[in-house]
Amino acid sequence: MSGRDPLCPPRRARQGAALTLVFAGVLVAGAVTGAFPDPDHPARRTTTVPVGAVRKEDVREAAARAMADGTSPMEAAERAVSRSGDRWGAVYSEGEYQEFQDSLDGRYTGVGLSAAREQDGRIEVTGVRPGSPAAAAGIRTGDRLRSVDGARADGLPVTEVVSRLRGDADDAPAGTTVILGLQRGTRAWSETLRRATLTTDSVSVRRLSARATLIRIAAFTKGTGAQVREALRAAPPGDGIVLDLRGNSGGLVTEAVATASAFLDGGLVATYDVDGAPRALHATPGGDTARPLVALVDGGTMSAAELLTGALQDRGRAVVIGSRTFGKGSIQMPTNLPDGSVAELTVGHYRTPSGHAVDGRGITPDLEAGDGVLQRAETVLTGLGDAE
């Protein structure tokens, strides 16, 4: 398992989560302007528990009683959510919630390291972001991360290591320091890094072959849809598109819909409900419907990424290749608490255009593929191009 510091949920996002996936449940669904009751508030995670397992009024009242008694409103709210059985419901401090908002803007606080845990439990640096504090310190891919602020890193889940790099336990802002113990070959040393506000690269593009362009979406942060449209315009006229959604844990629904709009000429993207009231999401007209399109998915493809996949598959716009997606198809909405903290509780579920319920089921690809998925995608693109 690997992780990257901008994609690690704060500590309370991990409470009650059986997953140890970095970024799972942080950017999974978002507000849709004019669709959710409050378009300024993101809704992020999914759950398999029944809607209405906990009412926002009950959580708010628990927090208010605690405040009146001189105890922690946030802890009282956490207990109420925990008792409810809402697996992905959670409570966040004001600072943590702002961190979420920044993440949705494509900004995060960190040092610019990606890391993975080896089979022997060692933590290895797998990537260093250019221009980051880690890059300035000369840290390289392949270096071993032995400790963070004196705490041994070996054997820890990557999520925990990344959380310590970010300073989640203390809501550490940019400018605070973290001491890393590192090893390269026989050399062992320590580096003191100053955390910084960094930006994520949610969309990357590269040429796969003479007739195929790969567009990878890591997460649906603000501007993702526009970046995908620009990538389509820049791709050579004869190229088919491989849309790589593997490991994409979701993001803003507005951006998932905008991305769907890049490939569709209007029409239904998904239906959903909020507290039992039915709603619908539609693509805007004018997308590129001519290029052959393949979408790559796996077990790490979640929520907003599944919403996009389901739309492209059900509308006959893309051939979906890979393995069954995760199955995160419910909606959380925020509730403000008296002390400024925020509770997010499950309020509904979404379905693909054909009515397929994603939550707990996922999306089955048209073609199963494992290690050779890119080669399979190029073969399918060639066939789709010939069919055109």
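Hi everyone! Accessible areas here come from the Shrake-Rupley method with a 1.4 Å probe, and for residues only the protein chains shown count as cover. On that basis, the protein chain exposes about 15,800 Å², with carbon and sulfur atoms supplying 48% of it.

A word on the source: this is a predicted model, where local features need pLDDT of at least 70, side-chain atom pairs count only at pLDDT 80 or more, and totals for chains, interfaces and linings use all residues. Residues are numbered from 1 along each chain as its sequence is written, and side-chain values use heavy atoms, leaving out hydrogens and water.

Now the inside. A nonpolar core is a set of buried Ala, Val, Leu, Ile, Met, Phe, Trp, Tyr and Cys residues joined through side-chain atoms within 4.5 Å. Which residues touch the most other members of the largest one? Leu243, Phe263 and Val269, out of 41. A second, separate core has 20 residues, including Ala134 and Val161.

On to the strands. DSSP runs define helices (H or I, at least four residues) and strands (E, at least two), numbered from the N terminus; the chain has 10 helices and 20 strands. Strands pair if DSSP finds at least two bridges between them. Six strands make an open sheet with mixed pairing, ordered β11-β12-β13-β16-β17-β20. β11 (203–209) and β20 (367–368) stand at the edges with a single partner strand each, so one side of each is left without a neighbour in the sheet. β11 pairs with β12 (residues 212–217) in the antiparallel sense over six bridges, and Arg207 stands opposite Thr213 in β12.

Technical notes: Buried < 20%, exposed > 50% of the residue type's maximum accessible area, 1.4 Å probe, protein only.
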